[in-house]
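Me: I'd like to go through this one label by label. Can you tell me what sits behind each term as we go?

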Amino acid sequence: MRAKITYLVTAAVLVFYFVLAGSRGVLLLEQGTWITVTLGVAVLILPFIGIWFLWANTRFVTRANRLAVALEAEGGLPVDELVRTEGGRIDRDSADAVFARRKAETEDAPDDWRCWFRLAVAYQDARDTPRARKAMQRAIALHENKPAGV
């Protein structure tokens with residue numbers, strides 16, 4: 001729940017920034033000189049890039065959460081079997097061992113979105129966020145393109 005609240009607060013702050021930057025860009029455009037028009041266009045581009053980035057990430061998180069709910073309903077969510085330090089951090093060797101099992105599971109069933117979801121969790125536990133994201137994107141793609149009736 002804490003992550004959701006943080007995400008919503010961050011998104012709200014970003015939207016406020018986009019509105020503020022957009023209004024400044026419009027003010028620059030209204031000045032009408034070639035320099036202010038150029039700067040106004042440049043200032044207006046930033047909120048559009050930010051809005052796209054926020055939309056893409058929100059869409060990704062929503063789809064990943066949908067997969068988690070579906071996997072939980074099936075009883076297939078990965079069990080937390082990681083060894084942790086006294087401070088609560090994940091032990092690296094433990095994360096590597098779980099990752100090796102998840103990778104082998106995914107190699108055995110490369111078209112199963114469930115395996116890719118569990119692999120994404122294992123990547124995240126191993127602190128490899130870029131690969132975790134790619135694995136989750138693969139899980140989402142497989143889930144959305146599954147044949148009818150399955």
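Reply: Like charges are joined within 9 Å, and nonpolar side chains (Val, Leu, Ile, Met, Phe, Trp, Tyr) within 5 Å. Helices (H or I, at least four residues) and strands (E, at least two) are DSSP runs, numbered from the N terminus. With that in hand, helix 2 gives the largest share of the nonpolar patch, four residues. This is a predicted model, where local features need pLDDT of at least 70, side-chain atom pairs count only at pLDDT 80 or more, and totals for chains, interfaces and linings use all residues. Residues are numbered from 1 along each chain as its sequence is written, and side-chain values use heavy atoms, with hydrogens and water left out.

Me: Which residues form the nonpolar patch on the surface?

Reply: Tyr17, Leu29, Val41, Ile45, Leu46 and Ile49, with about 510 Å² of accessible area together. Areas like that come from the Shrake-Rupley method with a 1.4 Å probe, and for residues only the protein chains shown count as cover. Helix 1 (2–31) and helix 2 are the elements giving two or more residues to the patch.

Me: Why is Ile45 called partly exposed?

Reply: Buried means under 20% relative accessible area, exposed over 50%, and partly exposed in between (1.4 Å probe, protein chains only). Ile45, in helix 2, has 43%, so it is partly exposed.

Me: And what makes Arg127 partly exposed?

Reply: Its relative accessibility is 47%, so Arg127 gets that label too. Arg127 is found in the loop between helix 4 and helix 5. Its phi is near 65°, a positive value in a residue other than glycine.

Me: How do you know that Thr106 is buried?

Reply: Thr106 has a relative accessible area of 4%, so it counts as buried. It is found in helix 3 (residues 92–108).

Me: What does the side chain of Thr106 reach at 2.9 Å, and what at 3.2 Å?

Reply: The backbone oxygen of Arg102 at 2.9 Å, and that of Cys115 at 3.2 Å. A polar contact is a pair of N or O atoms within 3.5 Å; within protein, one must be able to donate a hydrogen and the other to accept it, and residues adjacent in sequence count only if both atoms are side-chain atoms. Contact in general means heavy atoms within 4.5 Å. Leaving aside neighbours within four places in sequence, Thr106 is in contact with Cys115, Trp116 and Leu119.

Me: Why does Arg118 count as buried?

Reply: Arg118 has 13% relative accessibility, so it counts as buried. Arg118 is in helix 4, and leaving aside neighbours within four places in sequence, it is in contact with Leu71, Gly76, Pro78, Arg102 and Glu105.

Me: What makes a nonpolar core?

Reply: It is a set of buried Ala, Val, Leu, Ile, Met, Phe, Trp, Tyr and Cys residues joined through side-chain atoms within 4.5 Å. The largest one here has 19 residues, and Leu67, Phe117, Met136 and Ala139 have the most contacts inside it. Helix 2 (34–74), helix 4 (113–125) and helix 5 (129–144) each supply at least two of its residues, and helix 4 gives the most, seven.

Me: Why is Ile140 called buried?

Reply: Its relative accessible area is 6%, so Ile140 is buried. Ile140 lies in helix 5.

Methods. Patches are made of residues with over 30% relative accessible area and no salt bridge: like charges are joined within 9 Å, nonpolar side chains (Val, Leu, Ile, Met, Phe, Trp, Tyr) within 5 Å. A salt bridge is a side-chain nitrogen of Lys or Arg within 4 Å of a carboxyl oxygen of Asp or Glu.
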